[in-house]
Amino acid sequence: MDGAGGQAHDMPLTATADTRPLLQVRGLSVSFATEGGRVPAVRHADFDIPAGGCVGIVGESGSGKSVTSLAIMGLLAGAARIHAGQILFEGRDLLALPQKEVRRLRGGAISMIFQEPMSSLNPAFTVGDQIMEAIRAHESVGAREARDRTVELLRQVRIPSPERRFDEYPHKLSGGMRQRAMIAMALACNPRLLIADEPTTALDVTVQAQVIELLREIQRERGTAIMLISHNIGLIASLASDIVVMYAGGVVERGPSARIIGNPEHPYTVGLLGAIPRAEPGDRPLVGIDGAVPDLRHLPPGCVFEPRCPFSGPVCRETAPELSPFAPRHAAACHMAPLERVA
């Protein structure tokens, strides 16, 4: 699927004819330098995020989700190189902007909640000081105003006793409260786009639901667009209006959440849905996806999912499929689609 997404620029995920998306990712390709040569991490990724909307990016570890988010933020490590594509934010290509302008946007107009709050929060500084720093880095405000705004942010993300928590260090907070503090920091400058990278990792089910509800409120009350990244397609579907499915660095399916959940057209998406735990007695048992994600250094010549695919045919081993439309705003990169499913 090396070409997945590269040929579908005429069918944006969420844009309408008269509304430009807030974020447009076009043909994004990222690789990492290794001793054995460059390894492709993201291949020709394409998707849109509308202003005020929520788009979920889903896939296993190694699918390119987090690398894509870091590319948008301008935070890729030195070994990484973006060698194709555009990242258009409000019509401006972030990859063509001076670094000074990218830094101004990062943390201001575009913010990110990282996977593990304990490694993102500095243990040597109080939670309040770290959020205040984010405010004062982007806005000319005094210490008193920054403190008042920080306490209010902690209150808005439902951290109890925010005045007291302001002066506490990260290790004193529970995992759920640390994640809420990270959300408060990301919201400090009222961003137009919030990237949430696995925001519920290592949290229990109850706290996960609380964090997702908090993100829903942020989107509804602030009008903040959200890019929600997760390996859990069920969690993604609970918040996102549109879903982008990534596998081995490429976009293999994208479309409205209801359509993706009800009528998936890529076998990998079918597999992800089959792995969602069911709560009701008598529900179908969990079905795993056989095999493993391919070595990105040695991708198969045809469809990269073919070695794990129960629907594959001879063409799949020879030719990489391109994203093709199956319904309005719904596209999948699969030679066998539309899939015939056994009831």
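The accessible surface of the protein comes to about 15200 Å², and 52% of that area belongs to carbon and sulfur atoms. The model is predicted. Of the 343 residues, 51% count as buried. The chain forms 11 helices and 12 strands.

**Overall shape**

- The C-alpha trace spans about 65 × 55 × 45 Å along its principal axes.
- The radius of gyration is 21 Å, which agrees with a compact globule, because a globule of 343 residues would have a value near 20 Å.
- Among contacts with a separation of 6 or more, 66% are between residues 24 or more positions apart.

**A four-stranded sheet**

- Strands of a sheet pair through backbone hydrogen bonds, either parallel or antiparallel.
- Here, four strands form an open sheet in the order β2-β1-β4-β5, and the pairing is antiparallel.
- The edges of this sheet are β2 (37-49) and β5 (92-93), each of which pairs on one side only.
- Strand β1 (residues 23-34) is joined to β2 by nine bridges.
- A33 has R38, in β2, as its bridge partner.
- Helix α1 (residues 65-73) lies across β1, β2 and β4 (80-89), and it runs at about 110° to β1.

**Nonpolar cores**

- In soluble globular proteins, nonpolar side chains tend to be buried together.
- The largest nonpolar core in this protein has 59 residues, and I113, I131, I183, L215 and L228 have the most contacts inside it.
- Helix α7 (residues 175-186) gives the largest share of this core, seven residues.
- Another core, of 37 residues, lies apart from the largest one; L23, A80, M227 and I229 are among its members.
- Leaving out residues up to four places away in sequence, I131 touches T150, L153, L154, A181, A184, M185 and A188.

**Backbone exceptions**

- Most residues other than glycine have a negative phi, and most peptide bonds are trans.
- E90 has a positive phi, near 50°, and sits in the loop between β4 and β5.
- E90 counts as partly exposed because its relative accessibility is 31%, and the partly exposed range lies between under 20% for buried and over 50% for exposed.
- R158 also has a positive phi, near 65°, and lies in the loop between α5 (143-156) and α6 (162-166).
- At 42% relative accessibility, R158 therefore counts as partly exposed.
- The peptide bond from A337 to P338 is cis, with omega near 0°, and P338 is in the segment after β12 (330-332).

Methods
Residues numbered from 1 in each chain as written. Predicted model: local features only at pLDDT ≥ 70, side-chain atom pairs only at ≥ 80, totals over all residues. Heavy atoms only, no water. Pairing = 2+ DSSP bridges. Helix = DSSP H or I, 4+ residues; strand = E, 2+ residues; numbered from the N terminus. Contact = heavy atoms within 4.5 Å. Axes fitted to C-alpha atoms, helices over the stretch in contact; angles between N-to-C directions. Rg over C-alpha atoms; globule rule 2.2 N^0.38 Å. Buried < 20%, exposed > 50% of the residue type's maximum accessible area, 1.4 Å probe, protein only. Areas by Shrake-Rupley, 256 points an atom, 1.4 Å probe, with all protein chains shown as cover. Core = buried A, V, L, I, M, F, W, Y, C linked by side-chain atoms within 4.5 Å.
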